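Hello,

Here is the structure I promised to hand over. My notes on what turned up follow below it.

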Amino acid sequence: MSKTFPTQARVVIIGGGIIGCSVAYHLTKLGWKDVVVLERKTLTCGTTWHAAGLVAQLRATHNMTLLAKYTAELYRDLEQETGQATGFRQAGSLTIASTTERFEELKRSASMGHCFDVDVDVLTPRQASEMWPLINIEDVVGAIHIPKDGMTNPIDTTKALAKGAKMGGAVILENVKVTAVNRKDGRVAGVTTDGGDIEAEYVVNCAGMWAREVGRMCGVNVPLHAAEHFYIVTEPMQGMTPDLPVMRDLNGHAYYKQDAGKLLLGCFEPNAKPWGMDGIPDDFSFETLPEDWDHFEPVMEKAMHRLPALATAGIQLFFCGPESFTPDDRYLLGEAPELKNFFVAAGFNSVGIQSAGGVGRVLASWIVEGAPPMDLWDVDIRRMAPFQGNSRYLHDRTIEALGLLYDMHWPFRQFESARGIKRSPLHDRLLAQGACFGENTGWERPNWYAPRGVEPKYEYSFGRQNWFEYNAVEHQAVREQVALFDQTSFAKFLLQGKDAERVLNQICANDVSVEPNRIVYTQWLNPRGGIEADLTVTRLAENEYLVVTAFATEFRDLSWLRKNINSEDHVTVTNVTSAYAVISIMGPNSRDLLSRLTSADLSNAAFPFGASREIEMGYSLVRATRITFVGELGWELYVPTECALAVYDLIVEHGSSYGLRHAGYHTLNSCRMEKAYRHWGHDITDEDSPLEAGLGFAVAFDKPGGFIGRDALLKQKETGLNRRLVAFALEDPAPLLYHEEPIYRNGVKIGSTTSGMFGHTVGTSLALGYIEHEGGADKEFIQAGEFEIEVAAERVPARASLRPFYDPGHERIKT
């Protein structure tokens with residue numbers, strides 16, 4: 001490794017594991033040679049060295065799968081490029097199911113693989129046994145096989161990436177510890193090490209288990225926690241041949257890998273063991289943790305059932321080493337919202353080896369180009385809330401998170417640990433009404449309501465879960481009477497200042513130059529025309545606006561907003577999320593109910609759709625905004641937090657006369673699907689344009705001064721659309737749709753679904769999904785085709801439409 005200590009660099013990368021070396025390698029491929037990698041001890045000495053080296057290709061979303069596929073391709077060719085062996089080979093993978101529910105999950109995974117052009121075969125138990133002759137299949141229901149999955153040697157692969165980076169001009173320094181990350185004028189300025197200072201334009205935190213500590217050096221939140229990971233290696237076993245695929249028995253929490261004639265058996269067990277609560281020792285390098293046979297024994301017992309020969313095999317190695325996990329089992333990637341030009345790639349939840357190639361590629365592109373090359377919201381560090389860096393929270397969540405990697409991936413699955421952090425002021429009232437709460441980013445939100453005498457608890461399945469009929473009742477109340485939703489978790493930003501209108505009109509695709517007390521639905525676009533945010537902007541006064549967006553994108557959207565305000569602009573941004581509760585009253589009886597509680601005129605003439613104004617309600621002043629995400633007449637009530645209970649109690653007291661029912665977020669989702677309302681992060685992302693998504697009505701092309709992304713949209717209008725977001729309804733009401741199901745037109749795969757839900761008024765499962773056709777994806781093309789959607793490896797006929805299946809003329813929201 002290089003001995004010369006630099007004093008400045010364009011990019012400093014902290015951490016010499018496989019991730020840091022991959023980022024350096026890919027930066028040099030883009031022509032950036034002034035790159036320095038700093039490793040506190042020796043390359044791979046943290047967690048990379050003891051990884052199992054599995055390289056799977058099928059991930060939970062399209063773009064994550066693209067990154068994994070690229071990783072496999074990179075490892076395949078890396079030895080030829082660098083001369084350094086990697087040990088990579090593609091023996092495939094076999095995943096078995098010992099329950100019908102698990103087999104349903106695997107078949108849905110196979111269908112998802114078809115979306116992403118990953119070869120996935122659904123197998124019988126006998127076919128699985130032919131691939132792995134030693135396994136006991138008496139309780140196996142089925143399996144899937146992915147031929148191009150592989151395995152690699154993590155240390156050798158890291159060495160190859162490091163060598164490639166050095167060949168491209170990068171400098172790699174070992175035994176250099178970073179002691180401080182320096183900042184100036186809101187951006188990173190370099191690092192201080194035990195060998196001296198290095199000035200840098202960019203710093204990349206690839207410090208693995210130490211990434212949280214490195215982030216704290218400069219005020220950046222990197223929520224991750226180490227946990228113990230166990231595996232054994234047997235003595236040589238007969239039948240452990242090089243052609244065996246990696247096998248996963250998810251119900252047994254275990255993976256099986258042939259290793260030079262021996263068996264490597266690893267696990268992702270329930271109730272994991274967090275590690276490093278008191279900090280990671282400074283001299284920790286290539287170290288293992290104490291054995292814990294009692295902890296491993298339940299996995300071993302199941303493994304001996306699955307592989308009877310294991311009962312008589314000798315154990316050569318019992319290994320326990322730490323790996324880092326995040327609160328939601330997805331890694332952390334991208335520019336930190338707290339500090340410009342400080343990037344993070346950490347918290348890989350035991351998928352670092354299979355992710356490293358793709359991560360290095362996209363992060364290098366992000367640094368060089370100033371924007372991510374694809375939709376990376378799944379792993380974007382901006383999804384994390386400040387509280388998630390709390391050490392106790394991370395410890396308690398990690399106990400659950402590790403095991404979830406191999407647990408059932410149920411639809412609507414909720415975390416059970418580290419709950420009750422963010423609660424609406426209405427929480428206890430809603431609990432008394434039978435609310436079953438879900439959790440996301442700390443928020444406790446009512447997903448559905450159990451009737452009296454029924455425990456509000458999920459019973460998971462891939463079919464109609466126990467709350468399905470309760471959802472139907474709530475849904476009917478929205479459509480026929482009136483329902484109350486608690487939407488307090490909305491993120492809310494207040495913009496004030498004489499330049500507020502001008503700044504917002506540059507950021508918003510729609511025109512926010514409206515009269516006070518009007519709300520505008522709009523998107524925020526990037527220069528490529530992709531949708532960075534989907535939200536509403538309410539003009540409160542001449543120089544004052546309220547931006548309301550989804551709770552999950554609070555810090556992402558706040559970061560984007562601040563990023564696009566220049567230092568000379570006279571405008572301030574205040575996050576007022578906690579200042580207001582939001583009570584939404586939706587349904588055809590909403591006007592009658594609210595009119596009984598206020599002296600304000602709520603008639604259509606006096607209070608039209610899109611109006612927003614302060615009204616008296618009980619003893620309180622609330623901001624009532626006439627808008628909807630369910631497709632019915634209704635108002636969102638923005639209530640000062642301290643007044644929320646009084647307003648809620650008043651509504652409930654008078655609501656029974658109008659058929660008021662409490663409704664949860666599952667009902668919000670089922671109603672919005674009938675209306676084909678888009679959901680950011682699923683149906684629309686920073687890769688999708690408003691024109692492709694059918695949101696051109698919210699784009700003000702001719703407003704003075706233009707807006708970010710306008711040129712890209714004008715070019716797209718000129719060339720025409722080959723890709724469109726389309727609504728689908730299954731002809732058979734039995735199967736349920738969720739997301740990432742393949743879409744076929746006349747037998748040819750043409751796209752995939754982005755979200756799905758059962759529509760109780762329409763009476764079948766609904767989905768949104770993009771279709772692509774080089775000759776144009778217009779109305780005629782859609783009407784001329786016969787469509788099917790693949791669900792659990794079976795194709796189901798579907799209707800396709802560019803209009804909603806419920807109230808396509810939007811008459812109900814305008815009356």
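The crossing of α2 and α5 is left-handed (the near helix is turned anticlockwise from the far one by less than a right angle; clockwise would be right-handed). Before more of that, the ground rules. This is a predicted model, where local features need pLDDT of at least 70, side-chain atom pairs count only at pLDDT 80 or more, and totals for chains, interfaces and linings use all residues. Residues are numbered from 1 along each chain as its sequence is written, and side-chain values use heavy atoms, with hydrogens and water left out.

**First helix pair**

Helix α2 covers residues 62-82 and helix α5 covers 154-167. They pack at about 55°, axes 10 Å apart (axes are lines fitted to C-alpha atoms, for helices over the stretch in contact; angles run from 0 to 180 degrees between N-to-C directions). That makes α2 oblique to α5 (under 35 degrees is roughly parallel, over 145 roughly antiparallel, 65 to 115 roughly perpendicular, the rest oblique). From α2, Leu74, Tyr75, Leu78, Glu81 and Thr82 take part. They meet Thr157, Ala160, Leu161, Lys163, Gly164 and Met167 of α5 (contact means heavy atoms within 4.5 Å). These residues divide into 6 nonpolar, 3 polar and 2 charged (nonpolar: Ala, Val, Leu, Ile, Met, Phe, Trp, Tyr, Cys, Pro; charged: Asp, Glu, Lys, Arg; polar: the others, Gly among them).

The axes of α11 (468-480) and α16 (665-674) come within 9 Å and cross at roughly 60°. That makes α11 oblique to α16. Their crossing is right-handed. Asn471, Glu474, His475, Val478 and Arg479 of α11 touch His666, Thr667, Ser670, Cys671 and Glu674 of α16.

**Sheet**

An open sheet of 6 strands runs β30-β31-β32-β29-β23-β33, with mixed pairing (two strands pair if DSSP finds at least two bridges between them). β30 (612-617) and β33 (660-662) stand at the edges with a single partner strand each, so one side of each lacks a neighbour in the sheet. Neighbouring strands are turned by 30° against each other on average, direction ignored. β30 and β31 (620-625) run antiparallel, joined by 6 bridges. Glu614 has Arg623 in β31 as its bridge partner.

**Whole chain**

The chain has 18 helices and 39 strands (DSSP runs numbered from the N terminus: helices H or I, at least four residues; strands E, at least two). Its C-alpha trace spans about 80 × 65 × 55 Å along the principal axes.

Best wishes
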